[in-house]
Amino acid sequence: MQIIAQHGDIFIILACLFGFFMAWGVGANDVANAMGTSVGSKAITIKQAIIIAVIFEFLGAWLAGGEVTATIRGGMLDPALLEDNPQLLVYGMLSALLAAAIWLMIASARGWPVSTTHSIVGAIVGFGAVGLGMEAVAWGKVGQIASSWLVSPLLAGSIGFLLFKSVHHLIFVNSDPFTAAKRYVPMYIFLVGFVVAMVTLTKGLTHVGLDLSFGQSFVVSILIGLLVMGLGIVMERRVKYVHNVDDHFGYANVERVFGVLMIFTACAMAFAHGSNDVANAVGPLAAVISVVRSDGVIDSAALVPWWVLILGGGGIVFGLVTYGHKVIATVGTGITELTPSRGFAATLAAATTVVLASGTGLPISTTHTLVGAILGVGLARGMTALNLRVIGTIVMSWLITLPAGAGLAILFFFMFKGMFG
């Protein structure tokens with residue numbers, strides 16, 4: 001208690017700096033997952049991707065980022081074992097932030113799309129098991145999170161596979177694909193608006209003073225979906241049929257219609273990503289602030305201060321703008337060849353999986369989810385459509401992430417413990 005009273009301000013300043021550094025890493029590495037499919041399918045340019053991400057990542061972090069933050073902050077370590085030494089939790093959370101941020105910086109420089117969730121969870125488990133003892137880690141919760149890393153790519157892959165098959169069946173095998181695209185794409189746009197609005201409203205907005213019942217959320221989500229669909233129809237009308245002698249079936253024109261849809265799915269994915277992955281940066285930061293402000297009382301249910309979510313959103317945006325282009329190239333062009341219709345199926349599948357996870361409070365890996373979705377869409381076209389060498393490199397970088405995060409966190413934990421006593 002005395003250590004926290006003595007160094008409280010230093011702990012909060014360090015937590016804010018490390019939290020911002022971690023959020024920068026999330027932006028540099030993970031936001032590329034959100035934008036990679038849209039850029040890779042040439043639906044939007046890098047510049048447009050950055051503008052969309054800046055707005056919607058920030059909104060997702062601020063409006064819907066509270067639920068997952070609670071899990072990262074207080075769900076993974078047993079608070080009862082830390083009551084006598086709350087400063088150990090402070091050292092640990094500072095170590096976890098710094099360790100995960102450094103690993104993300106290394107991975108981003110290499111162009112590896114690693115999991116920020118893996119990085120921070122590995123770091124927290126690492127310092128918890130070595131610094132506090134194996135019994136301090138809530139292994140049940142860790143197991144639940146770890147199982148979600150397997151379930152989320154499978155779920156996103158399945159949704160992506162089915163979405164792409166539905167697009168193929170409704171549009172590409174139609175006798176007039178361009179007219180069919182004009183008819184069915186607004187339904188997909190409605191789906192994007194509805195899914196994101198529904199999960200956000202049912203789970204995410206209590207901390208900004210908007211607490212709707214399930215029925216109210218459902219009605220508002222339908223209205224938002226219809227509004228988004230109306231906007232999509234207006235944009236779609238500008239897409240005119242362009243005759244091309246090399247394009248016998250008019251597929252190039254269909255892809256131009258899907259280019260409109262990709263703008264909406266890019267916004268949805270950025271929002272979904274912000275809502276889930278801001279927790280990786282601000283969860284440990286919120287834990288430090290909570291312990292310092294309450295003079296050492298560990299309360300995993302304490303509210304996340306609004307400015308913490310804004311700090312996290314700002315860091316994510318800064319990371320994307322300064323360093324996000326490398327990982328965008330890997331995700332957008334390296335795994336399989338993407339067109340707007342394929343990119344749409346992958347992005348909506350990933351966004352749906354991520355917002356569902358945000359709603360249930362599970363910090364899943366956006367990277368795993370999106371790569372799973374892209375694999376699902378690639379498999380819908382056959383194994384030959386996949387670049388297995390790139391996939392192997394990505395999986396290898398995933399396997400290194402957990403031990404790298406844990407090892408660095410243990411090192412920093414003992415360093416902070418030595419510095420502050």
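In this predicted model, helix α6 provides the largest share of the lining of the second largest pocket, namely seven residues. The lining comprises 17 residues in total, and P153, L154, H368, G372 and L375 are those nearest the centre of the pocket. At least two lining residues come from each of α6, α13 (366–379) and α14 (388–420). The space within this pocket amounts to about 290 Å³. By class, its lining holds 12 nonpolar and five polar residues, with no charged residue.

| Helix pair | Angle | Axis separation |
|---|---|---|
| α5 (residues 116–132) and α6 (residues 139–172) | about 155° | 12 Å |
| α6 and α13 | about 35° | 7 Å |
| α5 and α14 | about 45° | 7 Å |

**α6 with α13.** These two helices pack at an angle of about 35°, and their crossing is right-handed. On the α6 side the contact is formed by W149, S152, P153, A156, G157, G160, F161 and F164, and on the α13 side by H368, T369, G372, A373, G376, V377 and L379. Eight of the contact residues are nonpolar and seven are polar, while no charged residue takes part. P153 of α6 and both H368 and G372 of α13 belong to this contact; P153, H368 and G372 are also among the residues that lie nearest the centre of the second largest pocket.

**α5 with α6.** The axes of α5 and α6 lie 12 Å apart at an angle of about 155°. Because angles over 145 degrees count as roughly antiparallel, α5 is described as roughly antiparallel to α6. The crossing of α5 past α6 is left-handed. From α5, the residues T117, H118, V121, V125 and A129 meet W139, V142, I145 and W149 of α6. This contact consists of seven nonpolar and two polar residues, again without a charged one. W149 of α6 takes part in the contact with α5 and also in the contact with α13.

**α5 with α14.** The axes of α5 and α14 are 7 Å apart, at an angle of about 45°; the two helices are therefore oblique to each other. Their crossing is right-handed. The α5 residues H118, S119, G122, A123, G126, F127, V130, G131 and L132 meet W398, T401, L402, G405, A406, A409, I410, F413 and F414 of α14. The contact divides into 11 nonpolar and seven polar residues, and no charged residue is included. H118 of α5 contributes to this contact with α14 and to the contact with α6.

How values were computed:
Residues are numbered from 1 along each chain as its sequence is written. This is a predicted model: local features need pLDDT of at least 70, side-chain atom pairs count only at pLDDT 80 or more; totals for chains, interfaces and linings use all residues. Side-chain values use heavy atoms; hydrogens and water are left out. Axes are lines fitted to C-alpha atoms, for helices over the stretch in contact, and angles run from 0 to 180 degrees between N-to-C directions. Helices (H or I, at least four residues) and strands (E, at least two) are DSSP runs, numbered from the N terminus. Angles under 35 degrees count as roughly parallel, over 145 as roughly antiparallel, 65 to 115 as roughly perpendicular and the rest as oblique. A crossing is left-handed if the near helix is turned anticlockwise from the far one by less than a right angle, and right-handed if clockwise. Contact means heavy atoms within 4.5 Å. Ala, Val, Leu, Ile, Met, Phe, Trp, Tyr, Cys and Pro count as nonpolar, Asp, Glu, Lys and Arg as charged, and the others, Gly among them, as polar. On a 1 Å grid over the protein atoms alone, a cavity is a set of points where a 1.4 Å probe fits but cannot get out, and a pocket is an open set with protein on both sides within 12 Å along at least five of seven lines; lining residues have an atom within 4 Å of a point. Grid points are joined across faces, edges and corners, and a volume is the space filled by probe spheres set on the points.
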